[in-house]
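Here is a short briefing to read alongside the structure. Let's start with how the chains meet, then look at what lies inside.

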Number of protein chains: 2
Amino acid sequence: MARPREFDPDKALKDIQKAFWMNGYHGTSMHDLEDATGLRKQSLYREFGNKDSMYDRAMELYMTRDVAELAGVLQGPGDARTRFRHFLDVVLDAPRRGDRSGCFLCNSAIDRAHEDAATAESARAGIDGTLALFEQVLSASPPYDTDIESRRAEARVLVSGYLGLRVMIRASTPTATLDAIADTLVSTI
Amino acid sequence: MARPREFDPDKALKDIQKAFWMNGYHGTSMHDLEDATGLRKQSLYREFGNKDSMYDRAMELYMTRDVAELAGVLQGPGDARTRFRHFLDVVLDAPRRGDRSGCFLCNSAIDRAHEDAATAESARAGIDGTLALFEQVLSASPPYDTDIESRRAEARVLVSGYLGLRVMIRASTPTATLDAIADTLVSTI
DNA sequence: CCTATAGTGGACCACACGGTCCACTACACG
DNA sequence: CGTGTAGTGGACCGTGTGGTCCACTATAGG
């Protein structure tokens, strides 16, 4: 048999995702990915194909890991307001730690969607899924459990506010302002 | 004396802005700018300096023309809700016409802010200014004219929702969904 | 030992990038 | 006519890009 792989492909993908997340598709070169992973490009190409597919994998990881983690937070205990409070706390934890990479989906929608139809579709679907998720969480608490129209309306406010918050994280908005917006969003529930 | 300039520098700048607006800093090459303006790069360099300063000028035009135009809409007749209704109508007119370029400020925050401190500062300042503007418009109508805290809270909801809406425009969200979100945002006033 | 795979280093490719320079042709005015 | 500027076309530059290929050294199992 053959020599076994020495690096961890999952770890490498995480590093790739981190680089794309912070600097976008255009802002990240293959050299950057080598530095981020500690691997040479031959290993990267063999493992992941070309740069485009590395970006696709990074996006996929965002959907299956990061979005799923956030969704998990929203499925936690308590009423809708408590869950969203916790959810936004987790989201705002990143900028509090100095991590201003924002939302991979939003970033890709702005950075790459206009030139890649598949990315545009992923972004659209991701945002659509977020709206549906918010609606589902709201349906756990009155009056949203019975009043479908108010549930939809509140989900719309929350999803647009959430995305705006993600942009503001990227735009160096002070954490105090971010906290205030999160508080206000939660208070509308 | 000398031969007079044949092209219109303002028109050229508008074309440059349009290209950057749609494709971002990294996604727009000098060749793209030549195509967009119909000018050769020698003329562009002589008129505007280098690519960075062209981007800066495009951003400046966004602040002095496009943001000012939107601000003008918000200063129109009627109460706060009527003005915001009109404001979001104007904003959503672009995607209805097929223009998905979104918000220059949001785009630059995500595309360029992480590698250019001046851009980051512009984005932050622009968003801050939007928040202040929204507060000012709200202060024209009760109960926001007297209740400062509710005015601030509502301005926060509107600004985050507005920015989120701009991202969704970019992310190919159907116009029907955009309209629904705009309606809901206005109804919170 | 043999073979198949993992991984490295470096050469190499065509191309696009931002940017400069130069020669040349307009075209205004004094 | 002379001069100064506008504008074009094309050559050119150094650098970086994504991507390929090859030679070489490990290292596993049969």
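In this predicted model, 100% of the interface residues of chain B are also interface residues in chain A, so the copies meet through the same surface.

**The interface**
- Chain B brings 40 residues to the contact, and chain A brings 40 residues.
- On the side of chain B that touches chain A, at least two residues come from each of α1 (9-23), α6 (104-111), α7 (117-138), α8 (148-170) and α9 (175-187).
- Helix α8(B) gives the largest share of that side, with 13 residues.
- By class, the side of chain B that touches chain A has 20 nonpolar, 15 polar and 5 charged residues.

**The nonpolar core**
- The largest nonpolar core holds 102 residues, and Cys106(A), Val167(A), Cys106(B) and Val167(B) have the most contacts inside it.
- Leaving aside residues up to four places away in sequence, Cys106(B) touches Ile110(A) and Val167(A) from chain A, along with Leu163(B), Arg166(B) and Val167(B) from chain B.

**A helix pair in chain A**
- Helix α4 (residues 51-74) and helix α5 (residues 80-96) of chain A pack at an angle of about 150°, and their axes are 8 Å apart.
- Leu70(A), Val73(A) and Leu74(A) of α4(A) make this contact with Arg83(A), His86(A), Phe87(A) and Val90(A) of α5(A).
- Sorted by class, the contact of α4(A) with α5(A) has 5 nonpolar, 1 polar and 1 charged residues.

Note on methods. Residues are numbered from 1 along each chain as its sequence is written. Chains are lettered from A and ligands numbered from 1 in the order in which they are written. This is a predicted model: local features need pLDDT of at least 70, side-chain atom pairs count only at pLDDT 80 or more; totals for chains, interfaces and linings use all residues. Axes are lines fitted to C-alpha atoms, for helices over the stretch in contact, and angles run from 0 to 180 degrees between N-to-C directions. Helices (H or I, at least four residues) and strands (E, at least two) are DSSP runs, numbered from the N terminus. Two residues are in contact if their C-beta atoms, placed from the backbone, lie within 7 Å. Ala, Val, Leu, Ile, Met, Phe, Trp, Tyr, Cys and Pro count as nonpolar, Asp, Glu, Lys and Arg as charged, and the others, Gly among them, as polar. A nonpolar core is a set of buried Ala, Val, Leu, Ile, Met, Phe, Trp, Tyr and Cys residues joined through C-beta atoms within 7 Å. A residue is buried if 20 or more other C-beta atoms lie within 10 Å of its own, exposed if 12 or fewer, and partly exposed in between; C-beta atoms are placed from the backbone.
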